[in-house]
Each structure stands twice: as C-alpha cells, then as structure tokens.
Amino acid sequence: MRHSVLQFCENRWELPAGFDAAGYGIVFAFLDPDVARNTSAFNQLKSLMPAAQIVGCTTGGEIAYAHAHVGGGFAACLGFEAVRIQIAEADIGLAGESFKVGQDLAKQFKGAHLAGVFIVSDGARVNGSALVEGFQSVLGTKVSINGGLAGDGDRFGESLVGCSNDLAPGKVVAVAFFGTDLTLRTGSFGGWEVFGPKRKITKSDGNTLFQLDHKSALELYKRYLGDEGEKLPGSALFYPLQVSNPANPDQKVVRTILGVDETTGAMTFAGDMPEGWTAQLMFGEVDGLIAGAGKAGKAASASQSTSNSANSFAILVSCIGRRLLLGQRATEEVRAVIEALDGIAHVGFYSYGEISPNGFQGTCNLHNQTMTVTVFEAA
Amino acid sequence: MHDMLVHQVKLCTDQNGQIDQERLLELISGAYEDDARARNRLERSITLMSEEMGELNAQIAEEARLTLTRYILESRDALISLDDQGRISLMNTAAMETFGVPEAELVIGKPISAFLDPTDLVQGEVSNFLGRHQDGYEVPLSATYSVGSVDGAAFNLISLRDETERFAREEALEAAKIAAEQANAAKSSFLAMMSHELRTPLNALLGSAELMARTKLDEQQTKYVLMFNEAGRLMLAMVNDVLDYAKIESGQLEIEKHPTSLKQLATEIENLWGPQAQSKGLDFKIDTKQLHRDTVLGDPTRLRQIVFNLISNAVKFSASGGVEISFSTRCGPKNCQLTIKVKDTGVGIPLERQASIFDAFVQADSSITRRFGGTGLGLAIAKSLANQMGGDLLLESKPGHGSTFTFEGRFDTTDVQDDGLKDTLPESVLERPLRILAVDDNALNRKILGAMLSLWPTEVAWATNGVEALEAMELEAFDVVLMDVQMPIMDGLTASRQVRAGHSINRNTPIVACTANARPEDRHACLDAGMTDFVTKPYSAESLVHALMRATKANTPDAHIPKRARR
C-alpha cells in the first residue's frame with residue numbers, strides 16, 4: 001500500500017518530494033475548525049487529487065508527526081492495489097435518528113470481503129452509540145467498525161464533516177474497504193480510573209442525563225469541578241462516567257459529556273445513558289492516560305513482528321477530554337502509541353467520540369475518553 | 001532537556017533559528033499551570049470523594065437505624081432496645097403491653113432495671129425470669145438478649161415473651177393430668193371393688209355347683225349342674241379379663257419375676273388342654289425339642305394366661321385337624337428369648353381383620369362373640385402382657401387354612417429352680433385329719449366353705465371377723481387357719497399380723513388367705529401380713545384342698561412364709 005501525510009501550512013498543502021497525486025484512492029483530512037472554516041484546505045485537496053475520495057472533518061486537535069497539534073490541518077493519503085473502496089454519506093438532523101442513519105448507510109455497502117468500515121461523523125448532533133448499533137444491526141457484530149466523531153476544538157459547538165460536498169454540520173460519512181489483502185487492526189484503551197461511590201442513573205432520556213441517585217447530575221459535576229465549573233461543558237471531560245448495565249456489570253463503557261443546558265440541568269453525553277444503569281465517576285491522571293495510550297498502540301500492533309512499516313498506516317482517534325486534561329503533554333500519549341507501533345506512519349485527531357471494536361468483546365462500540373488506534377495493513 | 005521543553009523550544013523557533021521568548025515563556029507557564037490544575041483537581045477529587053463516601057456511610061447507617069427502628073416498632077413480638085448504659089432507647093407496643101406502659105415516651109431514656117433485673121439477661125441465650133409490671137405485680141418472662149451497635153452506638157436488643165399464658169396452660173395441663181390420674185385411680189379402685197363384689201357371689205355360685213355335683217344326681221340334673229358351672233366359669237373369666245384390661249390401661253399391671261419352669265408349663269398345657277382338644281376330635285401336639293432351657297425369671301401366672309388364651313382360641317376355632325404348640329428358646333448368658341407358637345387348623349382370620357385383631361373388643365368376626373362368647377379382650381391383654389415381657393404377639397393367618405399365633409418374650413435367666421407351689425397335685429388327699437379355723441363374714445360363703453371342707457377329714461371352728469379369730473386362736477391350736485381378708489370389725493390382715501406378733505399357740509400356724517381380691521398387690525399384702533398362702537375366690541374344693549395340703553406340708557416353725565414372699 002502507499003501512504004503519505006500532508007500538512008496544511010500557510011494556506012496550502014505542503015507536498016513531499018516526488019508526491020504522486022494519482023497514486024491515492026482515499027484521503028482523510030483532519031482540520032482545526034478555524035482552518036476548516038477560514039481556508040480552502042478541504043477543496044484544495046479535491047483539486048489536488050481529483051481521482052481520490054476526500055473525507056474531511058473538524059477536530060478537537062490534530063495528531064501528526066508524533067505530536068499533538070492545535071490549529072493545524074493534516075491529510076492521510078492512502079493508496080491500495082487490490083482494495084475496493086465504497087463511500088456512503090448521509091445527513092443527520094436529530095440525535096434520535098442516529099440508529100436509522102447507521103442502518104441506512106450500512107445497507108449501501110455491497111460486495112464480498114468487507115475488511116472494515118471507517119466512519120467520520122458529526123460530533124454534536126449524533127448519538128454515537130446508536131449510530132454504531134445501526135451499522136452493527138446490518139453488518140453484524142464481527143465486522144471491524146472504526147472511526148470517530150468530529151470535534152469543535154474545546155467549544156462543543158458545531159462540528160463539520162464532508163466528502164462529496166463541502167464540509168457541513170450534521171453529516172455522516174462511512175468508508176467501506178473491501179478486499180482480502182487489507183487487514184484492519186484496532187486497539188482502544190482509556191487509562192482512566194473509577195473512583196467514589198457507584199451511582200444509579202435515575203433520570204435520563206436517550207443520551208441526556210438529568211439525575212444520579214435522584215440528585216442533579218450537573219450539580220454533582222459542579223461540586224467536583226470547583227472553580228473549573230466555569231469552563232463547562234469542556235471541563236466536565238475531566239470526569240467521564242463509566243456506565244454499565246446492572247444485568248451485565250462486566251461490560252462497561254465510558255461516556256463523555258458533549259453539552260450542558262444550565263436551565264434544565266440536562267447533560268448531553270456522546271452515548272446512551274439508560275435509566276437504572278450504574279454510573280461511576282472516573283478520574284484521569286496524566287501518566288495513567290499516557291500509559292493507556294501505549295496499551296492501545298500495543299493492542300493494535302501485529303501479533304507477529306513480520307509487518308513491514310511501509311505496508312501499514314495508523315489512524316489515531318483520541319478524545320478531546322484527554323487532550324484537555326493532558327494539555328501540552330498530549331504529545332506524550334501520541335508518542336506512546338507510535339513507539340508501541342515501531343514508529344508507524346500515522347495521522348489522527350482528537351474527537352468527540354471514538355468508534356472501535358471493543359477490545360474484550362470484539363464487538364464494535366462507541367468509546368469515550370480513549371485512545372483508539374486503527375492500523376491499515378495491506379501489501 | 002525534557003522532551004516537552006524541546007518541543008516547546010521547537011514550536012517557538014522560526015526558520016532562522018530565532019526563539020520567540022515571549023511565546024516560549026507562555027508555553028512553559030502554561031505547562032506549569034496545567035500541572036497545578038491537575039494537582040488541584042486530584043486533591044479536590046480525593047477530598048470530595050471522602051466527603052461523599054462519608055455522607056454515603058452516614059446515609060447507610062441512618063437507613064440501617066431506621067430499618068431496625070421500624071422493625072422493632074412494627075414487630076408483634078415484644079422488643080426493647082437499650083443503649084450502652086442499659087437505658088431504654090425503644091420500646092414497642094407489645095413490650096409496652098407486657099409491662100403496662102401507656103406511652104413509649106414515658107420510658108425512653110429510663111433504665112431497664114425499672115422493669116427487669118438486667119443481670120437476668122444473658123447474651124445469646126434464652127433466660128427465664130420475673131419482670132415487674134407497672135401495676136406492681138410480677139410477670140413471668142422469657143427473653144433473648146443480643147448485643148450490637150448501629151453506626152458506632154450501642155444497640156442492645158431484648159426480645160421478650162410473656163409466659164403468663166404458657167404457665168397457666170401448663171398449670172391447667174398439670175391439674176388435668178392429676179384429675180385424670182385421680183379418676184383413673186378411682187376407676188381402678190372401683191374395678192377392684194367390683195371384682196371383689198362379683199367374686200363373692202361367684203364363689204357361692206360355683207361352690208354350690210361343685211357341691212351339688214358331688215351329690216347323687218340323675219343324668220338331667222348332672223347336665224344342668226354342668227351348664228351352671230360352665231356359665232359361672234365363663235363369667236369369672238370375663239371378670240378377670242375386664243380387671244386385667246383396666247389395669248393395663250392404667251399402667252398398673254406389673255409383670256413379676258419368679259423362677260418359672262417352662263417344661264412344667266408344657267406339662268400343664270398337655271394336662272389341661274389335651275383332653276379338651278381330643279374330646280373335640282382334634283390332634284393335640286406339644287413340641288419342646290427346641291426348648292433348651294427350663295427355668296427363666298418370669299411371671300408364670302401371666303405366661304400361662306397368654307398361652308392358655310391362645311390355645312383356648314385355637315381349640316375353640318378348630319372344628320377339625322389339630323392344634324400344634326411348639327416351644328423354643330434362644331439363650332445368651334444372661335437372658336433368654338422364648339418363642340411359643342400356637343398353630344391351629346381353624347377358620348383363619350380375614351386379611352382385613354388381621355391388623356385389628358389385637359385391638360381391645362375386637363374379634364375376627366362379630367358373630368364370634370355370639371357363637372363363642374368372650375369379652376374380646378383376651379388377645380389385647382395377651383399382646384400387652386407380651387410387650388411387657390419385652391416381646392410381642394404376632395399373627396400369621398390364611399383364611400380357611402388356620403392361624404399361627406407366635407408369642408415372643410425376653411426373660412432373664414436364673415439358676416434358682418421353680419419351687420413350684422404346684423396347683424395340681426397328683427392326689428387330693430389329706431395325710432391326716434385337720435383342725436381348721438375358718439374366718440369369713442359372709443354366711444353364704446361360710447356354708448359353701450363348710451360343705452367343701454366336709455368332703456375331707458376336717459374339723460372346723462368358725463369366726464366371722466378378725467377379733468373372733470384371734471379369740472379362737474387364743475383358746476385352741478389349729479393346723480390351718482383359712483382367713484378372709486375383707487371383714488368388718490377387724491380385717492384378716494390385721495388379725496394375721498397380730499397373731500404373728502403375739503405369743504399365742506397359733507403363732508406359727510399356717511394362715512391361708514381366702515379372698516376375692518385377686519390383684520397381685522393384694523397377694524403381697526397378705527404375705528407381708530404374715531399369711532402363708534393365698535386362695536382366690538371363687539375357690540373350688542380342689543384348690544382348697546391343695547392349699548390345705550401345701551399348708552400342712554410346710555408347717556415347720558421357719559417355713560410358714562413361702563419363698564415367693566421373701567423379696
């Protein structure tokens with residue numbers, strides 16, 4: 001396979017020497033929201049590689065060259081020999097449509113040997129867990145579904161996604177890879193620790209949480225955030241929630257906050273918060289998160305060390321919450337992944353929700369607050 | 001240089017290698033601030049978590065306390081909780097009722113010693129004691145006491161039970177038991193009295209019949225006298241059965257232990273039942289080949305009663321064929337298991353009646369009572385006796401093919417020989433004429449007795465009570481005294497004791513008790529009073545002469561008290 005990473009600098013894409021625009025079939029562009037809005041970076045890529053499919057989204061930070069960036073723009077150009085790529089796009093109006101949109105998109109994929117799907121979705125309107133369940137309901141739980149939800153820096157406003165059209169809010173783009181030559185490997189890990197009492201979700205609606213143990217969830221967050229409460233909703237990312245169904249307490253997922261409504265006390269999360277489920281606050285400690293990222297890299301590395309780094313490429317999707325907490329040390333988690341993958345070529349972004357097969361169950365799910373690594377490997 | 005600083009410097013260095021110092025300081029400062037914020041966050045989280053856990057624990061403790069309080073207050077059992085000073089912290093309605101407390105508020109905080117002695121409470125055990133009712137009286141209580149704590153504070157729980165009703169119930173039960181025992185004793189004494197009252201006229205009846213039989217009678221008269229005698233004997237048997245059954249029911253029937261000869265029992269059976277069976281045309285066999293031991297410690301009278309009852313039935317219900325009786329013993333060093341099987345070729349017992357055949361008042365067929373008579377008590381009595389002998393009475397029967405009754409009993413072994421106060425002597429002949437003092441208050445009985453004694457060479461002096469008897473014994477030496485027991489003025493027991501204790505010439509004369517009181521305790525009373533032998537009314541001329549024979553044979557100065565009385 002061929003791969004190349006481009007950086008957007010001073011209003012244009014810097015091209016490495018000998019860059020052959022015709023050699024790439026699919027391009028993933030991860031752009032700072034301001035860059036996406038104020039420059040023509042996305043359209044420039046389309047002009048540059050007219051034959052390729054260009055998929056772009058805004059971020060909560062970018063990852064490239066073993067660093068975590070803010071305010072940048074990067075593109076991963078991938079070219080395959082015996083891999084067929086199919087793209088499906090949809091608009092999403094309300095979070096409640098997420099499952100249906102996932103189903104509709106998945107139904108468009110036709111062909112043998114589906115190696116995996118990479119989803120780039122709006123991160124503000126979508127219920128990520130419902131979207132992934134929609135895909136799963138059509139493709140089955142065994143297919144490797146990866147990707148992430150677009151971000152809006154640390155502002156939690158509109159996020160943009162695009163492919164055939166311009167970047168726009170409320171879009172979902174799913175890329176399907178067909179072919180026996182391609183292998184997708186995924187690692188996903190948080191590094192957060194639960195602490196404090198286990199609570200019960202006593203009032204919620206879809207992915208909106210109102211009460212824990214019959215008390216306002218927002219008040220609880222404010223109490224824990226102290227003076228950082230002024231920076232809500234962003235600062236709420238410091239305390240993700242681990243939720244689990246009491247009927248199946250071993251299967252835990254981490255939920256991160258997307259928005260807050262001070263008037264109603266509603267807190268919107270990136271996935272479902274069913275009433276009756278158990279929720280426990282989590283705390284991220286810098287070194288723990290960095291170590292967690294390393295574990296994600298390790299999990300995505302080939303079991304045998306026969307892989308040639310020239311034949312593989314990693315897309316890193318980390319969580320905006322991690323970047324906010326890690327601050328300038330976010331780079332260290334990127335390095336932890338790259339080291340675990342022997343310096344693999346890569347690009348990535350900080351998202352509002354990571355999509356990957358669950359590390360333990362093998363089934364796909366929406367994760368929050370993780371470092372999720374998807375390695376594409378093909379001859 | 002730290003990786004982060006390298007990165008920061010790189011970010012602030014332009015293409016010409018110039019460092020933007022202001023930007024660099026900003027980045028470094030930002031990193032410090034990040035770090036400080038993270039530390040603050042961590043500290044805050046730990047503090048809040050501790051607070052929350054504390055709140056949660058307090059909440060759990062409060063819930064536990066409320067649950068416990070609710071349980072105590074709602075329980076129907078009387079419950080009181082105490083603090084570490086033994087003061088009442090809760091008292092529920094049932095406990096308030098127990099002590100007559102109108103309002104719980106009145107006692108909260110008061111020491112429990114107002115109601116009970118705290119030293120009566122034993123942790124983890126049920127204790128019984130008297131509590132103090134508010135109205136001043138004592139309440140019988142039982143209590144369990146458990147010591148515990150809720151949220152660090154002592155929470156000791158007393159669970160009480162008011163035992164007033166139970167005690168009242170137990171008292172009533174005890175009273176009922178005593179009343180029942182008294183009633184039973186009254187019944188027994190009534191039966192003994194009835195038995196005596198029935199035996200007295202029976203004595204006259206059977207005595208008359210016997211005497212009449214010894215006179216010259218024509219064929220018709222002989223037949224009538226035999227019928228007369230038979231009816232009297234049947235009535236006597238029934239009186240005995242009823243008395244035995246009453247004693248079994250009241251637990252008064254005692255099995256005695258005397259050296260008992262099993263071979264002699266077999267001989268008696270042969271002598272008594274052989275002719276009867278043969279007269280019905282039945283074969284009659286006694287098999288003693290398996291009888292490995294002769295003498296055991298048992299009650300010969302009762303053993304005879306059981307076996308005779310079985311044989312009597314066997315002969316009675318076999319119209320043809322025969323009756324087989326087999327004896328066997330299995331003996332250890334100290335005891336002996338005796339089995340006596342009585343097999344008949346009679347009608348057999350229907351399967352549905354076999355289970356109840358040993359019940360009182362039950363016969364295999366209700367028509368049997370009509371055809372053969374009897375009280376229906378015989379087998380019930382026999383089985384009870386067998387049980388009391390550490391054994392049982394069992395039945396195997398096939399309707400139409402006869403029945404086998406098996407008696408099993410367990411006896412201690414003995415080396416002492418049966419001294420055989422034999423009821424059957426070879427010949428009823430007195431060796432010499434006897435001078436006899438006969439004491440009886442009943443004129444009719446005196447007449448019968450006189451007539452019977454006149455059959456042998458005897459000379460009889462009469463007394464009608466103990467005083468008269470003593471007077472007679474002062475005047476003249478007798479060979480034998482025949483002494484009625486129940487008499488007006490002075491009874492036979494008193495008279496016997498006095499003569500034995502005095503210096504009269506009849507101090508060592510054999511005294512034979514002649515009484516209708518047939519119970520073993522009556523027999524013992526007689527022997528204890530110094531009498532030498534015992535003849536139960538109604539007596540036959542035969543039993544009378546045997547008693548006289550025994551008395552005169554044993555009439556040596558030291559031998560007037562037979563071995564049976566030396567217990």
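Cysteines, a listed site and the cores

Mentor: Cys336(B) has a relative accessibility of 0%, so this cysteine counts as buried; please keep in mind that the model is a predicted one.

Trainee: Which cysteine does Cys336(B) form a disulfide with?

Mentor: The partner is Cys331(B), and the two sulfur atoms lie 2.2 Å apart. Cys331(B) counts as partly exposed because its relative accessibility is 39%. Over all chains, the count comes to one disulfide.

Trainee: Changing topic, what does UniProt list for Asp484(B)?

Mentor: An unreviewed UniProt entry lists Asp484(B) as a modified residue, 4-aspartylphosphate. In the model, Asp484(B) sits in strand S17 of chain B, which covers residues 480-484.

Trainee: Is Asp484(B) buried or exposed?

Mentor: Asp484(B) counts as buried, at 3% relative accessibility. Leaving aside neighbours within four places in sequence, its contacts include Asp440(B), Asp441(B), Thr515(B) and Lys537(B).

Trainee: Last one: how many residues does the largest nonpolar core have?

Mentor: That core has 81 residues, and those with the most contacts inside it include Phe135(A), Tyr221(A) and Val373(A). Domain 1 (2-189 + 287-377) and domain 2 (193-283) of chain A both give residues to this core, so the core lies between them. Apart from it lies another core, of 45 residues, among them Leu253(B) and Ile349(B).

Definitions and conventions: Residues numbered from 1 in each chain as written. Chains lettered and ligands numbered in written order. Predicted model: local features only at pLDDT ≥ 70, side-chain atom pairs only at ≥ 80, totals over all residues. Heavy atoms only, no water. Core = buried A, V, L, I, M, F, W, Y, C linked by side-chain atoms within 4.5 Å. Buried < 20%, exposed > 50% of the residue type's maximum accessible area, 1.4 Å probe, protein only. Domains from an automatic or database assignment. UniProt positions renumbered as here; feature names shortened; annotations may be inferred. Helix = DSSP H or I, 4+ residues; strand = E, 2+ residues; numbered from the N terminus. Contact = heavy atoms within 4.5 Å. Disulfide = S-S within 2.5 Å.
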